[in-house]
Protein chains: 2
Amino acid sequence: MGAMDQRLDLLTLGVPDLDEARRFYLDGLGWTATLDVPGEVVFIQVGHGLLLAVWGAQDLAADVDGTPLSPAPAALALAQIVQTEDEVRGVLDGAAAAGGTILKPAQPAAFGGYHGYFADPFGFRWEIATNPGWHVSDDGVVTIVTVEQP
Amino acid sequence: MGAMDQRLDLLTLGVPDLDEARRFYLDGLGWTATLDVPGEVVFIQVGHGLLLAVWGAQDLAADVDGTPLSPAPAALALAQIVQTEDEVRGVLDGAAAAGGTILKPAQPAAFGGYHGYFADPFGFRWEIATNPGWHVSDDGVVTIVTVEQP
């Protein structure tokens, strides 16, 4: 009792406009909601046992302790690892077409892969990257082999 | 090409003090790093194919476009679903003992479960909750059954 499992089940983003979030993530990116309660919340599956939720920022603040939440950009990045540089460029282009803002165009990354960043309409950053050192086993264990930089 | 998969592989939190992050998440919570590069970054597995990274906030900002990141509290919450109310209380107590701050003590939640929130040393919020409507299949698909409120 008291030990916290090493596990994230849900990431909730607090947004000022839930309809705009729905337009971007569902209509724009074409993602499918696990549960969509108009005017309330949208849950989207983004991994094995993992949901992303978009919820009104004021509702989220009130659910915690009422402290107002900071405006964007939050000190975090969501990331997706893809396999090819073409995919990095394609996903960034698709995100821009869906209403995202390209913050860093696709380019070689300091860690040895290739990456770029976009922001969703609320300023949450998504990194799209290849990472030749990132390996996921069949049972979901991730290993990272750091690549020596030239 | 251009379609973005509905998938989150990595969540990076930008923190002002990486050593303090290591003390909280590794020493305090007892979590194990997948990759720990002192002074640089810590990666922690938090799900099937999913890593949490803690990285210097300034490094993260510089990696994107240089825009300074907002101070806490960010408009988001990480969450972990547990099975019992005792677990909610136990995890919150454990997080407090590890250096977290209880923002909302364990209590019945509006959605029909039981929950509480703590903040890590940098103000990132973690919700610990039971949710009787949250089900994960063997292959990782999450369904949410909304429970009618009394």
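Mentor: Contact here means heavy atoms within 4.5 Å. Keep in mind that this is a predicted model.

Trainee: Which residues does A:Trp31 touch?

Mentor: Leave out residues up to four places away in sequence. Within chain A, A:Trp31 then touches A:Tyr25, A:Leu26, A:Ile44, A:Val46, A:Leu52 and A:Trp126. From chain B come B:Met4, B:Asp5, B:Gln6 and B:Arg7.

Trainee: Which members of the largest nonpolar core touch the most other members?

Mentor: A:Tyr25, A:Trp31 and B:Trp31 do, in a core of 80 residues.

Trainee: A:Tyr25 belongs to a helix. How do I read a helix?

Mentor: Start with the general idea. An α-helix has 3.6 residues a turn, so residues three or four places apart point the same way. Now the case here. Helix α1 of chain A spans residues 18-28.

Trainee: Which residues of α1(A) are buried?

Mentor: A:Leu18, A:Ala21, A:Arg22, A:Phe24, A:Tyr25 and A:Leu26 are buried.

Trainee: What is found at the start of α1(A), and what just after α1(A)?

Mentor: At the start, a side-chain oxygen of A:Asp17 comes to within 3.0 Å of the backbone nitrogen of A:Asp19. Just after the helix, A:Gly30 has a positive phi of about 80°.

Trainee: On to strands. How do I read a sheet?

Mentor: Strands of a sheet pair through backbone hydrogen bonds, either parallel or antiparallel.

Trainee: How many bridges join β7 to β8 in chain A?

Mentor: Six, between residues 114-119 and residues 125-130, and the two strands run antiparallel. Within that pairing, A:His115 stands opposite A:Ala129 in β8(A).

Trainee: Now charges. How do I read a salt bridge?

Mentor: Side chains of opposite charge can pair when their charged atoms come close. The cut-off is a Lys or Arg side-chain nitrogen within 4 Å of an Asp or Glu carboxyl oxygen. By that rule there are 14 salt bridges over all chains.

Trainee: Where does the pair A:Lys104 and B:Asp63 lie, and are the two residues buried or exposed?

Mentor: Their side chains meet in a salt bridge at 3.5 Å, N to O. A:Lys104 lies in strand β6 of chain A and B:Asp63 in helix α2 of chain B, so the pair joins two chains. A:Lys104 is buried at 13% relative accessible area. B:Asp63 is buried at 14%.

Trainee: Which residues do shared partners join into one network?

Mentor: A:Asp5, A:Arg7 and A:Asp9. In the salt bridge of A:Asp5 with A:Arg7, the closest N and O atoms are 3.0 Å apart. A:Asp5 is partly exposed at 42% relative accessibility. A:Arg7 is partly exposed at 23%.

Trainee: What does B:Arg125 pair with?

Mentor: B:Arg125 forms a salt bridge with A:Asp65 at 3.7 Å, N to O. B:Arg125 sits in strand β8 of chain B and A:Asp65 in the loop between α2 and β5 of chain A, so this pair joins two chains. B:Arg125 is buried at 4% relative accessibility, while A:Asp65 is partly exposed at 35%.

Note on methods: Residues numbered from 1 in each chain as written. Chains lettered and ligands numbered in written order. Predicted model: local features only at pLDDT ≥ 70, side-chain atom pairs only at ≥ 80, totals over all residues. Heavy atoms only, no water. Buried < 20%, exposed > 50% of the residue type's maximum accessible area, 1.4 Å probe, protein only. Helix = DSSP H or I, 4+ residues; strand = E, 2+ residues; numbered from the N terminus. Polar contact = N/O pair within 3.5 Å; in protein donor to acceptor, adjacent residues only side chain to side chain. Pairing = 2+ DSSP bridges. Core = buried A, V, L, I, M, F, W, Y, C linked by side-chain atoms within 4.5 Å.
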